[in-house]
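Subject: A structure for you to look at

Hi there,

Please open it and keep it beside you while you read.

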Amino acid sequence: WSYGVNIFFKSCELQENLYNKYQPCVRLSTGPQQEHQTFYEFRTYSIRPDQNAAFLKLTNEKIHLRTAHSELIGYWSIEYGGLNRVFHIWKYDSFSQRAGVRAALAQNPSWISEYISKAIPMLTSQDNEVTYLVPWSHLKRPPQEGGVYELVSFLMRPGGPAVWGKAFQAAVTAHDAPGYGKLVGAFHNEFGPLNRVHALWWFESADQRAEVRHKAHTDARVVAAVRNSVVHLDSQESKLMFPCPFSPLK
């Protein structure tokens with residue numbers, strides 16, 4: 001009897017080893033381990049429709065109280081893809097720096113009385129995400145001021161960049177070429193919806209963006225790159241945005 005039990009357990013052990021050996025390794029992380037601590041906080045505010053102009057005016061007048069504490073990358077009003085909304089990006093060197101900024105702002109009487117107490121009643125919701133630049137992307141300024149920006153957000157299927165990273169990079173960089181838009185930065189989420197990546201683009205105008213869109217449909221190089229990436233895609237959304245007068249990125 002003991003001999004039969006030993007044979008049984010050895011058989012189970014062999015099957016488990018074979019299963020582990022040939023089972024595919026699936027990583028569920030949204031991105032590679034960061035080589036540095038710098039991250040970008042994406043913030044989206046929804047504004048009461050009757051308060052949109054007043055909110056933008058107040059922010060224009062008082063944003064200096066906020067930028068005294070940390071770096072603002074850009075601040076935009078969303079024109080298409082969500083009315084009465086603003087989108088802004090803040091840069092932090094670490095989570096501890098962000099915590100220090102939030103603590104300092106909470107104790108700043110001018111920020112509280114001159115801005116927060118007036119701005120909060122104008123809003124209907126606030127949302128934020130923590131993102132990192134993908135390893136192959138660097139934050140770039142557009143070639144000139146006065147254009148429009150498009151934020152394209154992709155929800156990828158679980159598996160992480162080990163599965164879809166190269167295809168996503170190829171699809172994005174295929175559009176970052178002469179005659180197309182200018183890629184400002186590509187980001188992946190750390191907090192917020194996971195397996196989510198973003199591409200921030202600049203165009204000379206909304207009409208130029210429409211022309212580029214039609215051009216891409218007939219560009220075999222772009223079509224091939226996009227075809228290879230969409231198999232990893234669950235959904236995507238796009239926002240066309242105009243920079244506010246006080247936005248560093250214009």
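How many nonpolar, polar and charged residues does the lining of the largest pocket have? By class, there are 17 nonpolar, six polar and three charged residues (Ala, Val, Leu, Ile, Met, Phe, Trp, Tyr, Cys and Pro count as nonpolar, Asp, Glu, Lys and Arg as charged, and the others, Gly among them, as polar).

Before the rest, a note on the model: it is predicted, so local features need pLDDT of at least 70 and side-chain atom pairs count only at pLDDT 80 or more, while totals for chains, interfaces and linings use all residues. Residues are numbered from 1 along each chain as its sequence is written, and side-chain values use heavy atoms, with hydrogens and water left out.

**The pockets**

The largest pocket has a volume of about 620 Å³. (On a 1 Å grid over the protein atoms alone, a pocket is an open set of points where a 1.4 Å probe fits, with protein on both sides within 12 Å along at least five of seven lines; lining residues have an atom within 4 Å of a point. The volume is the space filled by probe spheres set on the points.) Of its 26 lining residues, Phe154, His175, Arg213, Val226 and Gln236 lie nearest the centre. Among the elements that each supply at least two lining residues are helix H5 (161-175) and helix H7 (220-230). (Helices, H or I, have at least four residues and strands, E, at least two; both are DSSP runs numbered from the N terminus.)

The second largest pocket, with a volume of about 290 Å³, is lined by 20 residues. Nearest its centre are Arg43, Tyr45, Arg102, Trp111 and Ile116. H4 gives the largest share of this lining, four residues.

**The helix pairs**

The axes of H5 and H7 come within 8 Å and cross at roughly 155 degrees (axes are lines fitted to C-alpha atoms, for helices over the stretch in contact, and angles run from 0 to 180 degrees between N-to-C directions). H5 and H7 are therefore roughly antiparallel to each other (the cut-off is an angle over 145 degrees). In their contact (heavy atoms within 4.5 Å), His175 is one of the H5 residues and Val226 one of the H7 residues.

Helix H2 (residues 52-67) and helix H4 (residues 109-119) have axes that come within 10 Å and cross at roughly 155 degrees, so H2 and H4 are also roughly antiparallel. Trp111 is among the H4 residues that make this contact.

Enjoy exploring!

Definitions and conventions
Parallel < 35°, antiparallel > 145°, perpendicular 65-115°, else oblique.
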